[in-house]
Amino acid sequence: MSGASERLLTYLGPSGSFTHAAVDLLDTPWPGRVEARESVADVIFSVESGEADAGVVPLETSVEGDVSSTIDELIFRSSMCFINEELVVPINYVVAASAGTRANAIDTLVTTTVAAAQCRRFIEGAGVRVELVDSIAAACRRVSDDSADSIAALATTKAAHLFALATVRSVAEDHSGIATRMALLKRTLAHQTGHDRTVVVVTPIGDRTGVLADILGCFAAQDIALTAISSRPLRTRAGEYCFLLTARSHLSDARLQQTLRAVAALPAEIKLLGSFPLPVDADTRRVAEAAPPGSVGTATLDDWIDSLLHPEKLGL
């Protein structure tokens, strides 16, 4: 493309979605055009084909984990599309209405099934009628086109701004702290910063006991920390899996290169999904803060096991 203003970035639409909001969080503001696509596959294809210079897709939610549609597209259908940046978008819904609308005058909320589910307590407490539409953008358009001051949209801040709606209530979701991790995709790798992550897919050749332990041992031998491990079923071989690994390193690191050589020699096949900067404030929570309720540490582990095996000791 001829210039910065002609560069195209695509994102999973529609307009006003959380993925659209992620574009505003890029480390370097996008200088060119920004367009929505209907599916994750469309975004990835636009980048890989060269139609777009970059794309933004959801990668992981703090509630449901990996976004399967994105992970599967990157693993099984693309070959030259790499994660260049991670963007953490807080999941926040607002009540948006025409300027001058009072909160106590609202009797109808227009929104989507997903938003309604995540704001159930607010909706029940407000005692309003809910009108469901296909997208957050459609909800805001419906309110914008209606002159009544008794109707509002349960929407994202991004969508409210796009349709020039005023925020009547800034927090409507049931649970705070929920976020979605988005990925900026490009056809080339991001440069090494010294504070990076690399995501690889490892597909073992042959089915044998202990293969995952062998893979992890290759990373441990080079003192490379893994921050995430998951598996995906292979589409072509029933009952067999590939492993998605996130390492705290960059492909430029000689230690990581040596690790990948060792993994390939097991034998296994390796695919790179990205090597990119890690946000400075990422992974700062201590284990005690991040662990699920009911988790225990070394000090109480033995007592915990004993109580589970012998519930009568707890009076159960």
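Helices (H or I, at least four residues) and strands (E, at least two) are DSSP runs that are numbered from the N terminus. The model is predicted, and local features need pLDDT of at least 70, side-chain atom pairs count only at pLDDT 80 or more, and totals for chains, interfaces and linings use all residues. Residues are numbered from 1 along each chain as its sequence is written, and side-chain values use heavy atoms, with hydrogens and water left out.

View A. A salt bridge is a side-chain nitrogen of Lys or Arg within 4 Å of a carboxyl oxygen of Asp or Glu, and the structure holds 15 of them. For accessibility, buried means under 20% relative accessible area, exposed over 50%, and partly exposed in between (1.4 Å probe, protein chains only). Glu 124 counts as exposed because its relative accessibility is 55%, whereas Arg 120, at 43%, counts as partly exposed.

**View B. A salt bridge between Lys 158 and Asp 24 links distant parts of the chain.** The side chains of Lys 158 and Asp 24 meet at 2.9 Å, N to O. Lys 158 belongs to helix H7 (residues 157-162), while Asp 24 lies in the loop between helix H1 (18-23) and strand S2 (33-37), 134 residues apart from its partner. Lys 158 has a relative accessibility of 19% and so counts as buried, whereas Asp 24, at 52%, counts as exposed.

**View C. Arg 208 and Asp 214 form a salt bridge, and a network of salt bridges joins four other residues.** The N to O distance between Arg 208 and Asp 214 is 2.8 Å. Arg 208 is partly exposed, with a relative accessible area of 32%, and Asp 214 also counts as partly exposed, at 31% relative accessibility. Through salt bridges that share partners, Arg 33, Glu 35, Arg 37 and Glu 51 are joined into one network.

**View D. Five strands form an open sheet with mixed pairing.** The strand order is S8-S7-S9-S6-S10, where two strands pair if DSSP finds at least two bridges between them. Strand S8 (129-132) and strand S10 (166-169) are the edge strands, each pairing on one side only, and the twist averages 35° from one strand to the next. Strand S6 (residues 94-97) pairs with strand S9 (residues 151-155) in the antiparallel sense over three bridges, and Val 95 stands opposite Leu 154 in S9. Helix H6 (residues 136-145) packs on the sheet and touches S6, strand S7 (108-111), S8 and S9, where contact means heavy atoms within 4.5 Å. The direction of H6 makes about 160° with that of S9; axes are lines fitted to C-alpha atoms, for helices over the stretch in contact, and angles run from 0 to 180 degrees between N-to-C directions.

**View E. Helix H8 (residues 211-221) packs against helix H9 (residues 254-264).** The two helices pack at an angle of about 155°, with their axes 9 Å apart. H8 is therefore roughly antiparallel to H9, a term for angles over 145 degrees. Ile 215, Cys 218 and Phe 219 in H8 meet Leu 256, Thr 259, Leu 260, Ala 262 and Val 263 in H9.

Technical notes:
Parallel < 35°, antiparallel > 145°, perpendicular 65-115°, else oblique.
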